[in-house]
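Here is a short briefing for a first look at a protein model. Keep the structure open while you read.

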Amino acid sequence: MVHAIRVHAQGGPEALSFETVDVGAPGPGQVRLRHTAIGLNFIDVYHRSGLYPPPQPLPFVPGSEGVGVVEAVGDGVDDIAVGQRVGYAGPTGAYSEARLITAERLIPIPDAIDDAIAASVLLKGLTARYLLRQTYVVTPDTVLLFHAAAGGVGSIGCQWASALGATVIGTAGSADKVARALALGCDHVINYREEDFVARVGEITGGERCDVVYDSVGKDTFIGSLDCLKPRGMLVSFGNSSGAVPPFEMNLLQRKGSLYATRPTLGHYVAKRAELLASAEDLFAMIANGSIRIDAPERFKLADAAAAQTALEERRTQGSVVLIP
């Protein structure tokens with residue numbers, strides 16, 4: 001038996017229950033993984049609260065990112081070995097001391113990256129990778145706006161975009177987070193609590209506005225994000241930290257400049273193992289060459305997952321957070 005966080009009914013942080021569970025032995029194509037660090041992400045909050053449908057039947061174990069050591073392998077697993085350090089991003093069930101997981105979703109972790117760093121970077125880093133390299137291909141000619149620039153995905157995405165030579169405008173909600181975003185490579189950072197970010201984007205760009213806006217905030221920024229785009233620009237909505245984007249008429253995109261809007265998700269970019277490994281290799285290379293600096297994440301005990309999620313929801317965190325079993 002091991003300890004895990006389970007959700008029996010969706011709701012507030014109090015819905016997270018620390019319990020004992022039986023993991024069992026791996027079946028064909030599976031491994032048993034003992035977690036050493038678990039990534040905390042907004043999607044965990046969405047699954048817990050009910051903003052997103054539960055990923056599994058109730059009760060379920062939340063969490064979509066983890067790193068650990070392989071304890072056992074099932075039949076047919078040839079490229080993952082007992083004792084190997086691996087991580088993953090996507091399959092839910094991470095808030096546990098150990099779990100079963102399909103071997104083909106596992107990513108070998110380079111020796112130079114420790115467990116807590118790896119657990120804090122996989123989901124967010126792979127997300128930043130597809131946003132910048134696939135959803136909208138960023139080049140040195142790109143002018144972009146990245147909301148929540150000091151957050152988990154933003155702190156990686158802004159560094160990556162800067163390394164690609166783009167003009168990077170970020171938003172943040174405090175003086176400390178503005179300073180952090182500037183240190184991460186943003187050319188300009190707007191404190192959205194004190195400034196009108198739409199007006200400031202217009203000033204910064206001389207009225208030209210942006211080619212692409214990356215928006216993980218959702219409801220509170222949706223219309224403003226559209227207003228930051230130049231004609232034929234693209235809104236990439238990839239999160240809902242303020243709530244879901246409300247329904248809107250498609251003609252709104254035409255009226256605001258023949259805009260594009262998309263709602264991507266990581267799973268559709270790494271559905272094949274070759275795609276997953278290539279994306280991870282790209283991410284690890286950017287970390288190894290110094291283009292992306294990953295600060296030590298804030299740590300909470302797994303048993304304190306409710307406190308960790310509350311801090312994330314209240315925007316009291318900077319960068320990444322991990323849960324330690």
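In what handedness of crossing does α2 pass α3? The crossing is right-handed. The model behind this answer is predicted.

**The α2 and α3 pair**

- Two packed helices are described by the angle between their axes and the distance between the axes.
- Helix α2 covers residues 115-135, and helix α3 covers residues 152-163.
- Their axes come within 9 Å and cross at roughly 45°.
- Angles under 35 degrees count as roughly parallel and 65 to 115 as roughly perpendicular, so α2 and α3 are oblique to each other.
- On the α2 side, the contact is made by V121, K124, G125, T127, A128, R129, L131, L132 and R133.
- On the α3 side, G152, V153, I156, G157, W160 and A161 meet them.
- By type, the residues of this contact divide into 8 nonpolar, 4 polar and 3 charged.

**L126, a residue of α2**

- L126 lies in helix α2.
- Its relative accessible area is 1%. Buried means under 20%, so L126 is buried.
- Leaving aside residues up to four places away in sequence, L126 touches A89, I107, V121, L266, L276, S279, A280 and L283.
- V121, one of these partners of L126, also takes part in the contact of α2 with α3.
- A244 is 118 residues from L126 in sequence. In space, the two are 22 Å apart, C-alpha to C-alpha.

**Strands around β15**

- Strand β15 spans residues 321-324.
- It pairs with strand β3 (residues 30-39) in the antiparallel sense, over 2 bridges.
- It also pairs with strand β14 (residues 298-301), here in the parallel sense and over 4 bridges.
- L323 of β15 is the bridge partner of I38. F300 also stands opposite L323.
- In a regular strand the side chains alternate between the two faces of the sheet.

**Helix α1 and its cover**

- Helix α1 runs over residues 42-49.
- Which of its residues are buried? Among them are D44, V45, Y46, H47 and R48.
- The cover over the buried residues of α1 includes strands β1 (2-7), β2 (16-21) and β3, along with helix α9 (305-313).
- Just after α1 comes G50, with a positive phi of about 105°.

Note on methods
Residues are numbered from 1 along each chain as its sequence is written. This is a predicted model: local features need pLDDT of at least 70, side-chain atom pairs count only at pLDDT 80 or more; totals for chains, interfaces and linings use all residues. Side-chain values use heavy atoms; hydrogens and water are left out. Axes are lines fitted to C-alpha atoms, for helices over the stretch in contact, and angles run from 0 to 180 degrees between N-to-C directions. Angles under 35 degrees count as roughly parallel, over 145 as roughly antiparallel, 65 to 115 as roughly perpendicular and the rest as oblique. A crossing is left-handed if the near helix is turned anticlockwise from the far one by less than a right angle, and right-handed if clockwise. Contact means heavy atoms within 4.5 Å. Ala, Val, Leu, Ile, Met, Phe, Trp, Tyr, Cys and Pro count as nonpolar, Asp, Glu, Lys and Arg as charged, and the others, Gly among them, as polar. Buried means under 20% relative accessible area, exposed over 50%, partly exposed in between (1.4 Å probe, protein chains only). Two strands pair if DSSP finds at least two bridges between them.
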